[in-house]
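Open the model in a viewer and keep the selection panel at hand. The stops below say what to select and what is found there.

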Amino acid sequence: MRSGITRQALRRHRWTLVGPACTQLLGAAVIAVMLMTAASLSAPGLSAADRRSVRAGGMTDTTAVFLGDSIYLSVLVVAVTMNLAVSRQLRDIALLRSVGATPGQLRWSVLLQAVAVSLPASLLGIALAVPLGSGWVALLRAHDALPDGVRFTPGLVVLPIVVGIQLGTSVVGAAVAGRRTIRSAPAIALSETSGDRRHIGPARTALGLLLVGGGIAGSAVVSALAADQADDAALFVLLAECIGIGLLGPVVLRAAAAVLRPLLPGGLPRLALDEVAALSRPLAGTLVPLVLAMAFAGIKVAARTTSAAVTGSPGPPAEVWTDWSGTAVFCAFAGVAALNALVTVLVSRDRDLAVLQLAGGTRRRLLLVVSSEAALVATTAVLLAGLAAGATLLPMLHTSLGTWLPRVPAPALAAGLTLAFGVVAAGTVLPVAVLTRRPALHRSGGAG
Amino acid sequence: MDTVVQLTGVSRSYRTGGRETVALDDVSLDVAAGEFVAVMGVTGSGKSTLLHCAAGLERPSAGTVRLVGRDLGRLGEAARTRLRRDSVGVVFQSYNLLSELTVAQNVLLPQRLGGPRARPLAEVLASVGLAGTEQRPVGELSGGQRQRVAVARALAADPAVVFADEPTGALDPTTGAQVVGLLRTAVDTRAVAVVLVTHDPRVAAASDRLVLLHAGALVSDGPTPDVAAIAEQLAAVSGAPQAASR
């Protein structure tokens with residue numbers, strides 16, 4: 001019965017599960033590229049001179065930072081998208097429970113779904129990593145960031161690591177969502193009675209505050225370290241702040257909606273604010289990759305530009321290129337991850353969108369509502385990223401360069417904002433445009 | 001009285017698996033303002049399809065549907081949606097509310113989507129017996145209360161016509177009677193036309209006019225008799241005995 005339930009769920013929710021599958025494929029590819037690159041930097045065939053050159057260029061540290069970021073981001077987004085995909089099965093799980101499926105059978109089914117999604121996606125991601133990694137190392141060589149002797153060396157040793165990370169995260173994300181979903185009383189789930197899903201628990205709030213506060217305090221500590229140590233430690237400070245922001249995300253989004261409510265007239269903007277407040281929990285999952293990517297990129301860009309402005313030297317060209325291109329790759333990954341999370345959230349709102357259409361919302365008006373929601377989410381993400389980047393960077397700038405004023409080139413700022421707003425718009429508006437093409441009556445369940 | 005719904009020779013067929021199924025076969029029907037019409041028939045007789053075509057939720061395969069004087073066949077999807085938002089209320093068996101939003105936010109949805117200024121919220125909620133529930137999430141309400149919210153949303157813009165598709169199907173008889181009573185009151189006090197699809201002769205007994213469908217065709221149309229006579233008519237049409245009540 002268990003595999004029957006799993007097969008049925010995989011068939012019925014295949015489009016919802018595409019989100020976590022894509023994220024895991026991409027996450028596995030990026031992690032595998034970084035792992036294989038790291039292995040290539042210390043390959044046995046490398047000459048002593050090349051090894052010295054690699055160490056002197058700081059590529060080992062840079063790769064380690066990108067690897068850490070990739071693992072963190074992948075873990076986070078895989079957990080979020082898997083969680084959303086399983087939560088969407090609330091009604092099906094309630095139906096199965098009402099006809100006799102035990103919680104244990106359903107828990108296994110959810111875990112099997114996570115494995116069924118994660119395993120092929122991870123293996124495909126590792127396969128994709130070979131040409132991508134080869135291209136990445138070739139680019140590093142071409143820009144003198146690596147000596148000519150370094151060759152990309154793919155190895156199967158990454159397989160257990162990548163599959164372990166992806167599978168573990170996917171299973172944990174699914175298990176957490178499954179536990180909550182399966183625990184819901186079948187009668188309540190079937191009658192679409194919602195619990196109070198807007199509010200987060202006191203433990204989550206306390207942990208979020210602790211991580212944000214700890215991150216800010218950590219920035220002050222990190223600023224007292226030597227420059228190269230501070231650079232590596234700052235990443236962990238930023239990660240702590242971003243996890244804290246993710247945990248507090250629903251509160252932040254509801255607060256943003258509450259602040260704007262008196263300022264906006266009735267009609268569509270008010271409906272958008274109502275929706276953001278009501279959906280603050282799933283939307284908060286999309287904030288984290290956006291905030292992390294923008295804060296990370298902001299720190300990298302501002303640190304290098306401010307250093308160049310204060311010291312008068314832009315730094316070694318190879319190092320600059322590596323920093324910029326690595327940050328761009330990381331931001332692209334985060335952008336796709338955010339896009340994925342947004343699409344997963346939107347797809348799970350299909351019935352709600354159908355209800356809005358039945359209540360008299362034209363497709364154009366629905367697009368305006370979700371565009372307004374997207375604008376609010378993107379603006380919140382930009383502001384939070386600015387705060388996180390500022391809290392991490394400013395003490396370091398003051399200690400190492402004697403300035404509190406970070407410099408960010410206008411084109412970089414414009415590109416960052418365009419990317420953030422573009423990703424959020426694409427992840428909300430496009431799915432709505434596609435979903436609302438089908439008749440609302442069939443999607444609402446009112447055709448009966 | 002003005003005709004608010006006019007179906008002329010309306011047919012609707014579906015093609016599934018290479019087979020064509022006729023859900024509605026050449027049905028003509030006029031509904032005047034302030035008229036309460038109950039549509040009955042056995043499962044698969046075309047009741048819901050008739051209601052969906054009349055409300056502009058589905059396009060007929062043939063025939064003409066005029067809603068508050070507008071030919072729906074000449075309107076695009078957006079124009080039909082606007083017409084529904086401004087002049088029509090729809091109540092479904094499955095409520096079709098946004099369970100994360102509050103009662104007030106659900107009732108005001110058509111207005112928030114650009115519809116006409118609604119009747120005062122407090123008045124609408126009081127009229128359906130939900131005064132003081134404005135800020136409660138609808139997910140916390142009972143089935144009967146949620147259907148009242150759906151009725152309030154349908155009546156909030158003071159529509160010309162309300163279409164109700166099995167609105168009591170998920171409710172107990174007492175609660176169902178209360179919901180039908182709300183629609184009856186709207187007909188009597190605000191001259192709203194109501195087209196209600198139901199299986200239940202007791203629900204249909206609240207209407208002024210009874211329309212019976214069988215195999216997609218309109219087989220009977222006249223003043224609504226008492227509950228027992230409705231059950232007899234339905235049984236005669238379907239060829240099976242029908243209980244007078246649930």
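Start with helix 11 of chain A, residues 268-278. Of its 11 residues, 10 are buried, so this helix is largely enclosed by the rest of the structure. Keep in mind that the model is predicted. To see the buried set, select Pro269(A), Arg270(A), Leu271(A), Ala272(A), Leu273(A), Asp274(A), Glu275(A), Val276(A), Ala277(A) and Ala278(A). The charged residues Arg270(A), Asp274(A) and Glu275(A) are among them.

**Two domains of chain A**

Next, colour chain A by its domain assignment: domain 1 covers 1-195 and domain 2 covers 198-448. Their C-alpha centres lie 21 Å apart. At the boundary, 31 residues of domain 1 of chain A are in contact with 27 residues of domain 2 of chain A. To view the domain 1 side, select helix 2 (14-41), helix 4 (59-87) and helix 6 (103-142) of chain A, each of which supplies at least two residues to it. Helix 4 of chain A provides the largest share of that side, 16 residues. Coloured by class, the domain 1 side shows 17 nonpolar, 10 polar and four charged residues.

**The largest nonpolar core**

Now select the largest nonpolar core, a set of 217 residues. Val291(A), Val194(B) and Val195(B) have the most contacts inside this core. Helix 15 of chain A, residues 363-401, gives the largest share, 17 residues. Both domain 1 (1-195) and domain 2 (198-448) of chain A contribute residues, so the core lies between them.

Centre the view on Val194(B). What is it in contact with, leaving aside its neighbours within four places in sequence? Select Phe36(B), Val37(B), Val162(B), Ala164(B), Leu183(B), Ala186(B) and Val187(B) to show these contacts.

**Where chain B touches chain A**

Show both chains. Here 30 residues of chain B are in contact with 30 residues of chain A. On the chain B side, select helix 1 (47-54), helix 2 (77-87), strand 6 (88-92), helix 4 (109-112) and helix 6 (143-155), each of which supplies at least two residues. Helix 2 of chain B gives the most, with five residues. By class, the chain B side has 11 nonpolar, 12 polar and seven charged residues.

**A sheet in chain B**

Strand 1 (residues 3-16) and strand 2 (residues 19-32) of chain B pair over 10 bridges in the antiparallel sense. They form a hairpin with two residues between them, and Gly17(B) in the turn has a positive phi of about 60°. Strand 1 of chain B also pairs with strand 4 (residues 62-67) of chain B, antiparallel over five bridges.

For the last stop, select strand 4 and strand 5 of chain B, which pair in the antiparallel sense over two bridges. Arg66(B) has Asp71(B) as its bridge partner in strand 5 of chain B.

Methods:
Residues are numbered from 1 along each chain as its sequence is written. Chains are lettered from A and ligands numbered from 1 in the order in which they are written. This is a predicted model: local features need pLDDT of at least 70, side-chain atom pairs count only at pLDDT 80 or more; totals for chains, interfaces and linings use all residues. Two residues are in contact if their C-beta atoms, placed from the backbone, lie within 7 Å. Helices (H or I, at least four residues) and strands (E, at least two) are DSSP runs, numbered from the N terminus. Domain bounds come from an automatic or database domain assignment. Two strands pair if DSSP finds at least two bridges between them. A residue is buried if 20 or more other C-beta atoms lie within 10 Å of its own, exposed if 12 or fewer, and partly exposed in between; C-beta atoms are placed from the backbone. A nonpolar core is a set of buried Ala, Val, Leu, Ile, Met, Phe, Trp, Tyr and Cys residues joined through C-beta atoms within 7 Å.
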